[in-house]
Amino acid sequence: MSAHSHADGQWPHEPEKATLEGRNKVLGFWLFLGAETVLFGTLFSAFLALRHQVGEGNPTPNELFELPMVAAATVILLVSSLTSVFAVQAMHLNKVKPMLIWLLVTIVLGLGFLGLEIYEFTNYVKEGHKFTTSAFSSSFYTLVGFHGAHVAFGVLWIGLLIMQIAFKKGLTVTTASKVYVAGIYWHFIDVVWVFIFTVVYLMGKVG
Amino acid sequence: MDWLTTVDHKKIGILYLISGGFFFLVGGLEAIMIRIQLWQPENHFVSADTYNELLTMHGTTMIFLAAMPMIFALMNAIVPLQIGARDVAFPFVNAIGFWTFFAGGVLLNVSWFTGGAPDAGWTSYVPLATDAFNGGNVHGVDYYVVGLQIAGIGTLVGGINFLATIINMRAPGMSFMRLPLFTWTAFITSALILFAFPALTVGLVALMFDRLFHANFFEVSNGGNAVLWEHIFWIFGHPEVYILILPAFGVISEVVSTFSRKRLFGYSSMVFATVLIGFLAFMVWAHHMFTTGLGPVANSLFSIATMLIAVPTGIKIFNWLFTLWGGSIRFTTANLFAVGFIPTFVMGGVTGVMLASAPADYQYHDTYFVVAHFHYVIVGGLILGLFSGLHYWWPKMFGRMLNETLGKLTFWFFFLGFHLTFFVQHFLGLMGMPRRVWTYLDGLGFDDLNMISTVGAFLMGLGTIFFLINIVTSAAKPRDAADDPWEDGRTLEWTIPSPAPEYNFAQTPLVRGYDAYWKEKMEGKNAMTPAEPLGPIHMPSPSILPLILSIGLFIGGLGFMYHHTIVGIIGLLITFGCLFTRSLIDDHGFHIEPDELHDKGVKA
Ligand code: HEM
Ligand SMILES: [Cu+2]
């Protein structure tokens, strides 16, 4: 089950699923995302249960959150989802260079998002909203921080993938399934962010 | 060395069996010590603190380090064979699954030597499990939190591996409605793992943050919520008991049908019942919280939902009985365990329905009635099922038959000891003997029943010793088990040599019906029709990375636990380094050529 079934040089229509390994990887990754869904679902539930436990004298979500900045972060992340789609499309057409460029753009946007988030968190801490302040703050940082860690992991992952493809292995049916899977991962963290934006920030603003 | 680097699912199955079996002995020893402490009133065999540790470690060890791995042992050894696959979907990840489970298990038990084991019960209820209740045992619960977290990774990736294997790697013709029932239950169990374990992960992370970094999830003085822990724990914990019991159901279905020489009665209703039980498992978690005070509406709904599970379970019981009915039954050890399982599990089910009645539960709650109930299901269900499966598949796993006389001794001692131990506990519970308390006063009428219970526990221990003797003496014998040693094998694993060769099937078989091998036998053939010509077989190469990766997690866990952040980070770097190395170095594997097949196929 290796590339030799495509020895005629044809780039397959769905390169990520051209081999059994590839099919397994894609399926396994979808299953993994099922687990991640439960993970974030539980974090959301904990946050919802605790979000009103702000404690005496601590800043409330309404005072804390600055929607314009969070909205900017949201836009950045949504755009990065789009650029990752372009990357996967380029991969399907076996266009290596555009694919690498779009991947690069994706992680640059991811880094931008992370930068905003770090800036946001340091601001909150200055306002007295520390990890240990209240049940609300603990669950807030855990939920949003977990998502942030996922973004950071994604940036690292895609970064390494770019290097691998650019300098070592090129685009093959093996690396194609890696790109594809990284793409679904990136969409997933984007979707999670949409929920965070709604449940944490918008609902925090309206109380 | 071979064993440290293997990615062969059959060897990993054996690794799971050895380490799960080892932890079963540890947990059993803890149980015996608990029972010695309780054999007479006001006993001072162990101190109250030690009792708490023993009790916690017994429950935790039995569930996470003994029962789960032994299930994984059978699934690894058998599922790919039953579906006609050459391998699992992710051999490398499979090895990671084993080693992280093992690292987590060792870490948990290190606690005994470093100043105190976890002592808040296997449910680790807060606030008991929070920092404030440490007493002198500062790090006890940290071990629970971190050890289970690491072991949990292994379980989760194992579950994903089985799901992908069963979905993607079935032989031609092996449709879902032809899957052997053990594979079906492995499939549903894996799905439950996939959806239940991440909830536990979050609970453990939250508790860890509370303990190590002073977060406030469960810190009521800072707005935290203790009932939140109960919800998170049981939304994982209830499916967990079905994760444990479903594979046992699968084993019983295979064994009963083989040794009755009959097709399993009601195959499709069995499949349907398995799926339904898996689904309902997620709907009933709050029946562990009737006395928490959720209110009458919640209690009624969860009460009814729980009782509903009796329906698919009843279907299963009747199907097994109808399979036995009129069959030409052979009482091998495997079948004795299976037949012993049926009434025992029914009794556990009946007390389950009793407990599901919310008002009655106010009486039973936290008494020995509960202890009796869950041991009837877990020991009388899962452990009998495991014994049955081990005796049944032993020749396929090791190429050697177990001795039937020793097997029967194992069965009778274990079975009678079991009922002696736990049957009387129902009455102790109804009389009001509380659970999780280290001793009881004289003159409450508890004395004789406790004595009986302790004697029973020793008999079970004897039964287990017979099993060990059986393993050791059989290991001295040559590997001469036939391909189909029970002669009535119905499924694909019996079409290949015992033990199965590295590549499982020299040629992938063509499946033409349910009970694929039996069908061929009934048509007068004694082998499967191959679905492909004989050709080179691609195998993954072994790797030491999974072991190093889990050592990294082990070091990292210890580091964070003792606030040596540097050590913690080094550990995590080792882990990530392994993943990184893996993704850089492609595993091209190797090929087994057709002319090698014959040499490799014969037994060593
Ligand atoms: C092999 C013979 C066994 C014996 C004699 C035994 C005995 C006991 C006893 C005496 C307790 C203490 C009850 C209390 O003080 O409240 C207990 C608790 C428990 N056992 Fe076992 N047990 C056995 C096997 C198992 C197995 C195989 C499992 C699971 C796979 C298991 C799971 C548990 C759990 C979850 C608890 C509750 C711990 C807690 O409340 O935190 N036991 N067992
Ligand atoms: Cu339950």
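This is a predicted model: local features need pLDDT of at least 70, side-chain atom pairs count only at pLDDT 80 or more; totals for chains, interfaces and linings use all residues.
Chain A has 6 helices and 0 strands, and its pattern along the sequence is α-α-α-α-α-α. The C-alpha trace of chain A spans about 70 × 30 × 25 Å along its principal axes. Of its 207 residues, 52% count as buried. When contacts in chain A between residues at least 6 apart in sequence are taken, 79% of them join residues at least 24 apart.

The copper ion (ligand 2) is in contact with chain B through three histidine donors: His238(B) by ND1, His287(B) by NE2 and His288(B) by NE2, at 1.6 to 2.0 Å. The spacing of these donor residues in sequence is H-x48-H-H. The site links distant parts of the chain, since His238(B) belongs to helix H7 (residues 226-260) and His288(B), 50 residues away, to the loop between helix H8 (267-280) and helix H9 (296-308). The two residues also fall in separate accessibility classes. His238(B) counts as buried because its relative accessibility is 4%, under the 20% limit. His288(B), at 24%, counts as partly exposed.

Helix H8 of chain B also holds Val275(B). With a relative accessibility of 36%, Val275(B) is classed as partly exposed. Beyond residues up to four places away in sequence, Val275(B) touches Trp184(B) and Ile188(B). Thr189(B) is 86 residues from Val275(B) in sequence, while the C-alpha atoms of the two are 9.6 Å apart in space.

Next come the nonpolar cores. The largest one has 170 residues, and the members that touch the most others are Phe64(B), Phe197(B), Trp320(B) and Phe341(B). Helix H6 (residues 181-213) of chain B gives this core its largest share, 20 residues. Another core, of 56 residues, lies apart from it and includes Phe47(A), Val54(A), Val70(A) and Ile162(A). Within chain B, Phe64(B) is in contact with Pro69(B), Phe101(B), Trp122(B), Leu148(B), Phe197(B), Leu200(B) and Phe236(B), leaving aside neighbours within four places in sequence.

Several of these residues return in the description of the cavities. The count comes to 5 cavities of 30 Å³ or more. The largest cavity has a volume of about 100 Å³. Among the residues lining the largest cavity are Tyr16(B), Phe64(B), Phe101(B), Leu148(B), Thr155(B), Phe197(B) and Leu200(B). Helix H3 (48-82), helix H5 (140-168) and H6 of chain B each supply at least two lining residues. By class, the lining of the largest cavity has 10 nonpolar and 2 polar residues, with no charged ones.

The second largest cavity has a volume of about 80 Å³. Of its 13 lining residues, those closest to its centre are Ser253(B), Glu254(B), Ser257(B), Tyr514(B) and Asp515(B). H7(B), the helix that also carries His238(B), provides the largest share of this lining, 4 residues. The lining of the second largest cavity comprises 6 nonpolar, 4 polar and 3 charged residues. Asp515(B), one of the residues named above, is placed in the loop between helix H15 (447-475) and helix H16 (516-522) of chain B. At 6% relative accessibility, Asp515(B) counts as buried. Its contacts, leaving aside neighbours within four places in sequence, are with Arg263(B), Arg490(B) and Thr491(B).

The last topic is backbone geometry. Most residues other than glycine have a negative phi, and most peptide bonds are trans. The loop between H15 and H16 of chain B also contains Pro499(B), which a cis peptide bond joins to Ser498(B), with omega about -10°. A cis peptide bond also joins Val126(B) and Pro127(B), with omega about 0°. Pro127(B) is found in the loop between helix H4 (91-110) and H5 of chain B. That loop also holds Ser124(B), which has a positive phi of about 50° although it is not a glycine. Ser124(B) counts as buried, because its relative accessibility is 1%. Asp366(B), another residue other than glycine, has a positive phi near 55°. Asp366(B) sits in the loop between helix H12 (358-364) and helix H13 (368-398) of chain B, and at 30% relative accessibility Asp366(B) counts as partly exposed.

Conventions
Residues are numbered from 1 along each chain as its sequence is written. Chains are lettered from A and ligands numbered from 1 in the order in which they are written. Side-chain values use heavy atoms; hydrogens and water are left out. Donors are N, O and S atoms within 2.8 Å of the metal (3.2 Å for Na, K and Ca); water is not among the atoms, so sites may look incomplete. Buried means under 20% relative accessible area, exposed over 50%, partly exposed in between (1.4 Å probe, protein chains only). A nonpolar core is a set of buried Ala, Val, Leu, Ile, Met, Phe, Trp, Tyr and Cys residues joined through side-chain atoms within 4.5 Å. Contact means heavy atoms within 4.5 Å. On a 1 Å grid over the protein atoms alone, a cavity is a set of points where a 1.4 Å probe fits but cannot get out, and a pocket is an open set with protein on both sides within 12 Å along at least five of seven lines; lining residues have an atom within 4 Å of a point. Grid points are joined across faces, edges and corners, and a volume is the space filled by probe spheres set on the points. Ala, Val, Leu, Ile, Met, Phe, Trp, Tyr, Cys and Pro count as nonpolar, Asp, Glu, Lys and Arg as charged, and the others, Gly among them, as polar.
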